[in-house]
Structure formats: structure tokens, C-alpha cells
Amino acid sequence: MIAAALLVLAQAAAPAEGKPLTADVLWQIQRVGTPAVSPDGRWAAYGVTTYDMEENRGNADLWLVPTAGGPARRLTFNKASDGSPAWSPDGRRLAFVSKRDGDPAAQLYVLAVDGGEAERVTEMPRDVSDPAWFPDGARIAFVSHVIAGAETIEATKKELEAREKNKVKAVATENRLFRFWDRWLGAGEYPHLFVVDVSSRKVTDLLPGSRRYFGLQGGAGSFSIAPDGSAIVFAANSTAEPYPALNSDLFLVPATGGEARNLTAGNPADDEDPRFSPDGGHIAYGLQRKAEGWPDYTRLAVMELATGATTTLTEAPALDASAGHWAWTADGRSLVVLAEVRGRTNVYAVPASGGPLRLVHRGGTVAGAEVTPQGEVVFQRQDLTHPPELWAVKLDGTSPRALTRVNDALMAGLAIGPVEEKTFRGAGGDEVQMFVAYPPGFRKGTKYPLVHLVHGGPVGTFGDTFHFRWNPLVFAAPGYVVPMVNFHGSSSFGQAWVESILGAHPDKPFEDVMKATDALIAEGSVDPARMAAAGGSYGGFLVNWIAGHTDRFKALVSHAGVYSLLGQSASDTSFGRQHSYGGYPFTNLANVERWSPNRYAAGFRTPMLVLHGERDYRVPVTQGLELYGVLKAKGVPARLVYYPDENHWILKPQNSRHWYGEVLGWLARWLS
């Protein structure tokens with residue numbers, strides 16, 4: 001049975017006669033980015049992205065809002081997106097990244113906050129990212145890519161021009177890591193740290209000859225400049241080609257260039273996201289203990305730079321969850337850190353020398369927290385019924401308040417049903433949490449169709465966040481009860497919970513979803529004859545598993561779902577799969593096949609919608625094509641939707657509208 005709702009997250013935000021939240025309305029919502037707080041703490045700069053459905057693109061502009069509250073002011077009006085704002089030390093200028101008319105790639109710009117035109121300060125052949133000012137206000141560090149063997153800016157430009165003219169587009173590699181997400185890595189392009197003198201425009205490469213990858217998602221870097229401007233600490237992969245394994249370490253390089261020194265070579269697992277303390281004597285960073293792709297959680301640690309001595313600040317059981325996005329307080333005595341706990345990302349404070357964590361603000365979902373000199377935390381906040389906005393709260397947890405209300409008027413006109421958090425007994429009798437979105441005008445005792453949304457990962461969460469690609473309110477709007485189960489293996493419920501499914505990936509999650517279904521039926525508001533399940537990535541994998549193990553559902557939706565575990569050897573990164581699958585195909589083939597959905601195709605009976613993107617290298621498109629082919633050969637009603645210009649996610653506005661139309665149309669076809 002379901003336990004009493006722990007928290008009613010939202011009652012109807014508008015009367016039932018308000019307009020429904022459709023895919024078109026979803027793309028009218030303005031997306032507020034994370035804040036960059038001015039050195040004096042008085043202002044927060046941020047991006048706001050709006051979308052034009054006809055042009056099929058988004059555009060981000062920069063805004064300023066007082067952290068004490070007050071009206072926001074728009075800074076940029078460019079037709080190209082402006083992002084990654086970074087304040088100069090004197091608070092008079094903003095550096096940002098934009099790809100404006102004539103730019104071959106996204107470049108670095110500088111804008112006076114009190115007005116005037118933005119000035120371009122770089123002409124890099126590849127996109128610029130992550131700008132950060134030096135304390136002298138004369139230089140800016142940033143990340144961009146160069147081609148190995150042609151590492152100067154001019155040489156990389158010439159090599160790119162030669163490649164464009166070359167009729168042979170073949171890529172050859174002997175690396176284990178050879179493509180990522182939606183791009184190939186075999187072209188010999190590597191990220192480097194650069195420094196540009198703002199006045200002279202002279203650019204210096206701090207890492208000539210480096211073949212170290214930074215964060216692969218987007219190719220950006222993670223670095224911090226010492227308060228005296230003498231050095232930069234950055235995170236990068238420490239293993240050499242052909243990359244038999246990946247291991248992120250921290251490196252220290254002089255700000256004038258020179259040899260980069262590995263600060264964390266003694267830790268075989270990942271070290272990431274370094275941040276210098278205000279006095280420059282310490283570095284806060286994220287630390288994992290288990291290597292080789294183990295799904296370990298990230299601890300917040302502080303290293304004394306002079307000795308290398310490290311203090312771990314967050315550790316189970318005090319915080320049995322991954323820490324993320326930490327920031328020092330102005331006095332250097334504490335750090336603010338974000339952590340996802342039970343489906344919510346909260347703000348905590350912890351002494352830099354070690355001690356108990358203190359909850360500062362409870363999510364929703366919080367991102368990009370920064371601390372002002374006045375002792376306030378400014379951050380982006382969202383939840384299941386509210387899209388992202390900027391918020392502020394005092395370090396003692398008092399006076400939480402919204403700084404922006406960009407979408408309030410739009411959201412007030414929508415018909416949104418209640419959203420609740422519930423628990424039930426799942427696999428092994430363990431307590432399992434889920435969020436449930438109910439349709440507008442929901443009435444207890446009336447039986448509604450049910451549509452499970454199954455999250456990806458599986459080390460992930462269907463959390464208290466406003467999801468734009470799998471928005472539960474859009475799914476609930478046609479009249480469906482929409483549960484989001486945080487089954488065994490989900491993040492934010494402790495490391496033992498994550499590890500409980502290793503070697504048997506679908507076993508306990510499948511049981512959890514089935515028991516959630518039983519509990520909701522027993523509650524009296526679900527029609528057991530009209531139920532469906534939909535998921536993407538691992539969620540698609542679990543939907544494919546469901547297809548072979550039960551016929552309780554009238555319809556299934558598998559987006560970018562894994563069908564064959566053996567076929568996942570073609571994925572962009574195979575690191576850690578031996579833990580998830582209980583071995584490699586050459587060490588434990590029987591176990592890999594035992595938990596692979598394709599081995600249970602004989603049980604396929606439920607009509608299924610299969611969706612996939614051609615540029616999906618995480619779950620290669622052949623997975624969806626093979627699944628669809630088997631369904632059609634077996635005579636099971638099936639429909640294939642293929643996006644030649646999308647990756648693992650559906651990101652373009654018109655494609656997204658089409659995707660929602662296909663998915664909701666398929667559900668209506670079988671649940672009506």
C-alpha cells in the first residue's frame with residue numbers, strides 16, 4: 001500500500017478551465033540560466049533563453065537583477081545566443097561567449113555593464129567556453145580546442161580549411177574512447193586552456209602539446225584561477241592514448257605557461273571541479289574513491305596546497321549522496337555545496353576544516369549556487385510545477401525569496417493538477433519513493449488511465465524538477481495519472497541503493513514499477529485496464545524489459561532504449577559497463593545475456609512506439625531499429641519514429657513538438 005503523501009507539492013495552479021500545458025506552451029516558457037554574482041554581491045547576471053518555433057531555434061540574452069530584489073535589466077539584444085557571463089574584478093565589465101554575425105565559432109566578448117557595444121576579444125577557430133577573469137582585470141582565461149600537430153591558432157585554422165576541402169572524410173583510430181554523445185573524437189582535437197590579454201588581444205596557450213580531455217559533455221573545462229593570479233588549477237583526464245581507462249585528476253599550471261603538475265595522482269578514481277579558497281592556500285574539489293567506472297558518489301574535499309593534505313568534508317552516512325557545485329564563503333571558513341537527496345537538490349553549508357553539514361535551502365532542484373560577500377546564496381531553483389527562476393537565501397537559511405518571476409504570468413494561466421510525493425513497499429520490502437502528477441481537475445475516486453514515466457541512468461532520478469523533455473505535467477494534461485518511480489538504482493537515496501542493481505540491471509527496478517502500479521490501483525484512482533509505460537535511455541531499456549515480462553500495459557513507449565546489452569558495446573563509452581552488467585561479454589556472457597531485453601522477445605505482445613535519433617552514440621540507433629524490426633516480424637503493433645538530426649535527446653523545438661505529438665498520440669490511441 002502507498003504511505004500517506006509526505007508532501008503535497010502543488011495543488012491546482014489554475015482552475016480546471018485554464019489552458020492545458022501542451023508541448024507548444026512548454027516552448028513558450030522562458031528558460032532562466034544560472035547566476036554569476038558580481039564581486040560586490042549586489043547584482044546577478046544570467047541568461048534568459050527564448051524559443052521561436054517557426055525559426056526552430058532558441059536565443060539567449062544576458063540580464064542583470066539586483067540580489068536585494070528589484071526589477072531586472074536586459075543587457076544584450078543580439079540575434080545570436082549570449083552566455084557564460086563572468087564579472088571583471090572591478091564589477092564594471094562582463095565577459096561572455098557568443099557566436100555573432102561573421103564569427104566562425106563562438107568567441108569571447110567583453111561588455112561594459114553601464115552600457116555600450118560588446119567588443120570581441122578573440123578569433124579562435126573553435127568555440128570558446130568558460131571565461132574567467134584574472135584578479136588583475138587585464139586577462140581572461142578560457143577553453144578552446146586545437147588540433148594535435150597544428151596547435152597554433154593559425155595552424156588549426158589552416159587544418160580545418162584543408163579538412164573541409166578534402167573529399168575523404170574517413171576517421172581512423174585505435175583508441176577505446178573514440179566518440180562521445182554525438183561527435184567523433186578521432187579527429188585529433190583537444191581542449192586547451194588559453195589566456196587572452198584584453199587590451200592587446202594576445203592569446204597564450206597554457207597547455208601546448210596537451211592531449212588531455214576535459215569534461216566531455218560539451219567539451220568544456222573545469223578550472224579555477226589562484227587569487228594572486230599566479231596559477232590555474234584544472235581537472236582533466238590523466239590517462240594516455242589509447243585510453244584503456246579514464247581518470248580525472250587535478251593539475252596545476254603556471255598562469256604564464258609551463259609544465260602542468262598532477263596534484264591527485266595518488267587517487268585512482270576521479271577528482272573534479274577544483275575551486276581555490278579566497279586566500280589561495282586550499283583547493284576544494286570533488287573526490288571519488290572507486291575507479292574504473294564504478295558508480296561511486298562524489299565527496300567534497302579540501303586540499304592544503306602546500307602539503308597536499310586532504311580533508312573530506314562530506315561522507316556517508318552524514319551525506320550519503322553526491323556533492324556538487326561548491327563555492328567558498330568570502331572569509332574562506334565555510335563552503336556552500338549542493339547535494340541531491342531523495343529526489344531534491346538542496347543547498348548545504350559545511351565548515352572548510354570539517355564538521356556537520358547544515359541545510360540552508362531545501363529543493364525543488366537547485367543549481368549554480370554562488371555566495372555573496374554579504375553572506376547570501378544566489379541560485380537557480382525549479383520544481384515539478386515551476387520552471388527555473390533565480391532565488392536568494394541567507395546563509396542561515398532565512399529569507400528565501402525569488403529574484404526573478406519571468407514565467408509567473410504564463411504559468412498562472414495553466415490548468416495544472418496536484419503533484420504529490422508518495423512512498424510504497426517495493427522490491428525486498430524496501431521503501432521506494434515516487435512523485436505522482438495528477439490531471440487537471442483530478443477527483444479522487446474517479447478512475448484515470450495511468451502512464452508511468454521511467455527515468456534514465458539508471459544512476460539518475462525523476463526528481464522535483466521542471467523537465468522540458470519529459471515533462472510530467474504535459475503527460476498528465478490529457479487526463480492521465482503519471483507516476484515517476486525512483487526505483488532501486490536511482491541516485492539520491494544512498495550508495496547502497498545505487499549498487500543494489502549492479503549485475504542485475506532490470507530486476508529490482510521492474511519489481512518496483514510493478515508494485516507502484518499495484519499501490520496506485522489500490523488507491524482507487526487508476527483504471528487497471530488502461531495503463532502504459534514510457535521511458536528513455538535506461539528508462540527505454542526497462543520498458544523493453546517490461547515488454548518481455550508482462551502484458552499488464554496497453555501501450556509502451558521506448559525512446560533511445562537499450563534492446564541488446566551486447567549491442568551496447570558500440571556505445572560511445574563502455575567504461576563501467578562491466579559493473580552494471582555483471583561482467584563483459586568475454587568474462588560473463590551468461591549474465592550479460594540473462595538481463596538483456598532481446599532475449600525475451602517471445603513475450604512481446606504490447607503495442608510499442610519506438611523513437612530514436614541517428615546521432616545518438618550513447619545508445620546507438622541500431623538498438624531502436626533492431627527492436628522495431630523484431631516487433632514487426634512478430635506481428636506486434638509498433639511504430640518507428642526516427643530523427644536524423646537529433647542525438648540521445650530531442651532538442652530542436654519543432655522536433656520536440658513532433659515528439660510529444662507522436663508519444664501522446666500513441667498513448668491516446670491505446671488508452672482511449
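You're looking at a predicted model, where local features need pLDDT of at least 70 and side-chain atom pairs count only at pLDDT 80 or more, while totals for chains, interfaces and linings use all residues. Residues are numbered from 1 along each chain as its sequence is written, and side-chain values use heavy atoms, with hydrogens and water left out.

**Stop 1: the strands**

Select residues 139–147, which is strand β12. (Strands are DSSP E runs of at least two residues, helices are H or I runs of at least four, and both are numbered from the N terminus.) Eight of the nine residues here are buried, so the rest of the structure largely encloses β12. Buried means under 20% relative accessible area, exposed means over 50%, and partly exposed is in between, using a 1.4 Å probe and protein chains only.

Two strands count as paired if DSSP finds at least two bridges between them.

Click W133 and then I140, its bridge partner in β12. β11 and β12 make a hairpin with five residues between them. While you're in the turn, select G137, which has a positive phi of about 70 degrees.

**Stop 2: the salt bridges**

There are 35 salt bridges in the structure. Each is a side-chain nitrogen of Lys or Arg within 4 Å of a carboxyl oxygen of Asp or Glu.

- Select K422 and E420: their side chains meet in a salt bridge at 2.8 Å, N to O. K422 is buried at 4% relative accessible area, and E420 is buried too, at 12%.
- Select R275 and D273, whose closest N and O atoms are 2.9 Å apart in a salt bridge. R275 is partly exposed at 26%, whereas D273 counts as buried at 17%.
- Select R120 and E123, a salt bridge with its closest N and O atoms 3.7 Å apart. R120 is partly exposed at 34%, while E123 counts as exposed at 53%.

**Last stop: a network**

Which residues are linked with R126 in a network of salt bridges? Select E159, R163 and E189 along with R126 to show the network.
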